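Colleague: I am new to this structure and would like a close look at one part of it. Could you walk me through a single residue and what lies around it?

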Amino acid sequence: MRSARAEPFLLLMEALLSISMKIVKWAMFLAPLAVFGLMAQLIIRVGFDTLQSRGTHLFL
């Protein structure tokens, strides 16, 4: 296949790659905030003392 004919397809693939990498970058940026939110919700629901007592059993 001639490179002139393949160029539009390659440009499209490059644009899709760029968009995908932007989405992955945002997901990696937001992941720690999401984990913090989930942990805060869990602490509110069951209480910090309960989680702390459960966590000490893992390390003994």
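Modeller: Happy to! Leu-16 is partly exposed, because its relative accessible area is 42% (under 20% is buried, over 50% exposed and partly exposed lies in between, with a 1.4 Å probe and protein chains only). This is a predicted model, in which local features need pLDDT of at least 70 and side-chain atom pairs count only at pLDDT 80 or more, while totals for chains, interfaces and linings use all residues. Residues are numbered from 1 along each chain as its sequence is written, and side-chain values use heavy atoms, leaving out hydrogens and water.

Leu-16 sits in helix H1, which covers residues 3–46 (helices are DSSP runs of H or I with at least four residues, strands are E runs of at least two, and both are numbered from the N terminus).

Now for the helix itself. H1 has 44 residues and spans 62 Å from first C-alpha to last, close to the 64 Å expected at 1.5 Å a residue (1.5 Å times one less than the number of residues). At Leu-30, H1 bends by about 35 degrees, and Pro-32 follows within four residues; the bend is the angle between axes fitted to the seven residues ending there and the seven starting there. After H1 comes Gly-47, with a positive phi near 95 degrees.

Also in H1 are Trp-26 and Phe-29, three residues apart, about one turn of the helix. Trp-26 is exposed, at 52% relative accessible area, and Phe-29 counts as exposed too, at 53%.

Finally, the whole protein has two helices and zero strands, and 2% of its 60 residues count as buried.
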